[in-house]
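Please have a look at the sequence and the model first, and then read on.

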Amino acid sequence: MSWWREGVLYQIYPRSFADSDGDGIGDLRGITARLDHLEWLGIDGIWLNPTMPSPNHDWGYDVADYCAVHPDLGTLEDLDELVAEAGKRGIRVLQDLVPNHTSDRHAWFQDALTGRDAAHREHYVWADPRPDGGPPNNWLSVFGGPAWTLHEPTGQYYLHNFLPSQPDLNWWNDAVRDEFDRILRFWYERGIAGFRIDVCHAIVNDRDLRDDPVATEADHPKVYERGLRAEFSMNRPEVHDVLKRWRRLSGDRILVGETYVLDLDQLIPYYGAGEDQLHLAFNFLFVHADLVPAELRGIVEAIEEKLPAGAWPVWTGSNHDAGRLATRWAAGHEDRTRCALLMLLTLRGTPFLYYGDEIGLPEGEVPPERRLDPVPDNRDGGRTPMPWTDDPAPAMWLPLLDASRNVADQRADPGSVLHLVRDLIALRRDRDDLRRGDYETLPAPRGAWVWRRGEATTVAVNLSDAPLTVEARGTVLIATDRSRDGTPFDGALPAWSAVVVDG
Ligand code: NOJ
Ligand code: MG
């Protein structure tokens, strides 16, 4: 088995993780200084949100230079040092690759704007106005409004699936494909262990620019809400050729896709035949599901049934877009957060934790005048600084106003969420059943979810307000209520509690 199937990965938002130079912005040296925390926790790999130079209209997801480091975050040498120091602790480093679009400040786009014959014009998607002067088709930006902006000096519209300052690259152009081959190699040569690929499903757009169809009630509610189903603006079958090309080029490095498709039948093909496209494809149906057994179990069972042989699931509850599981799933209740973390760390598949998940961090409060996210559905609350101690840090780029839940206090408390997460990770590491054992749903009363892993490990979760009794018996290995660890399990599950049982 490979490190990324058996291990636990951890997402770091570099601006908010740790600030080494006191300028109010987290940085690469700050991450290096905190690697001991990740080693102590038992993390096998980290994914860094974009570290490249960017005007930060979308906080790094508008890249101005793919082969450099943003001066706020440090230098290429700092990145090399982070990779080397992480390596000494057995931790791999994944970069974030943003191939769908660049910043409008990128040299390619600046050149493309100089005229229809510019050398890099075809790096982007240009189209003539409709006869009435309107945009070429009905595509919508994910961030609102039309996905097209008219560039008056050259008389054509350019495509942007996100902000107007994030022009979409033209993946029908071989020159773009070659550029990205070079970018991948650049980072691999620096020791990067792979990439998380931003809006992986969106990079290829329909060559004929056909209109997206109107969404119906049969679509996921988030798609229906948006009005159009992104069938031609995104999710084109040709994206799989690009993924195969990257997989061939990547050797033993891994590709983790931000596959934001809210339909499992569309998600599965991103794994290709099992071993020729993505290694891991994030499952947003799971992220957006409620913390309700029937919903989560249904998604897990469908993945178990549909994934091709050789493909491997990935489970996550928090990220810099969807926010934090302690808020979204657990509404700030620590017992619910503990259940969710125990679940993530014991399902069959690779868990991704988001910085702060290990202390059950809820979303931070960001007063309206301090908000920085350009998207109306503000995402700042899930991006506030990591509370290492009980000192608030109101002067950081995003304020940390409440540090009452912090790493130092929890480290000193063996009953804390932090110790629960560490002990669950250690249990995974010690127990073949949890790392690689099969998943099987066991019978459970309404409100509970019980599953077996491998030969002799059972997980039982009560996601309800009432005490329940389940059939499983054995010895408690780890319980969300730590006083039960090591005791016989008689099937009793108090409200909002969970156990991993040997038996
Ligand atoms: C997905 C990223 O996770 C999100 O933060 C960003 O705004 C969009 N892609 C556009 O790059
Ligand atoms: Mg700094």
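Predicted model: local features only at pLDDT ≥ 70, side-chain atom pairs only at ≥ 80, totals over all residues.

## Around ligand 1

Let's begin with the ligand. Ligand 1 has 13 residues around it, and those that come nearest are Asp58, Arg196, Asp198, His320 and Asp321. Sorted by class, this shell holds seven charged residues, four nonpolar ones and two polar ones.

Several side chains reach oxygen atoms of the ligand. In aspartate 58, a polar side-chain atom sits 2.6 Å from an oxygen atom of ligand 1. For arginine 196, a polar side-chain atom is 3.0 Å from an oxygen atom of the ligand. Histidine 101 also takes part, with a side-chain N or O atom 3.0 Å from an oxygen atom of ligand 1. How much of the ligand does the protein cover? On its own, ligand 1 has 290 Å² of accessible area, and the protein covers 97% of that.

## Where α7 meets α9

Next, a helix pair to find in your viewer. Helix α7 spans residues 174-189 and helix α9 spans residues 239-250; their axes come within 11 Å and cross at roughly 35 degrees. The crossing of α7 with α9 is right-handed.

On the α7 side, the contact is made by Arg177, Asp178, Phe180, Asp181, Leu184, Arg185 and Tyr188. From α9 come Asp241, Val242, Arg245, Trp246, Leu249 and Ser250. By class, the residues of this contact are six nonpolar, six charged and one polar.

## Two loop residues with positive phi

Finally, two backbone details are worth a look. Leucine 209, in the loop between β7 (194-197) and α8 (221-226), has a phi near 55 degrees, a positive value in a residue other than glycine.

Tryptophan 496 lies in the loop between β18 (492-493) and β19 (497-502). Its phi is near 45 degrees, again positive in a residue that is not glycine.

Technical notes:
Residues numbered from 1 in each chain as written. Chains lettered and ligands numbered in written order. Heavy atoms only, no water. Near = heavy atom within 4 Å. Polar contact = N/O pair within 3.5 Å; in protein donor to acceptor, adjacent residues only side chain to side chain. Areas by Shrake-Rupley, 256 points an atom, 1.4 Å probe, with all protein chains shown as cover. Nonpolar A, V, L, I, M, F, W, Y, C, P; charged D, E, K, R; others polar. Axes fitted to C-alpha atoms, helices over the stretch in contact; angles between N-to-C directions. Helix = DSSP H or I, 4+ residues; strand = E, 2+ residues; numbered from the N terminus. Left-handed = near helix turned anticlockwise from the far one by under 90°. Contact = heavy atoms within 4.5 Å.
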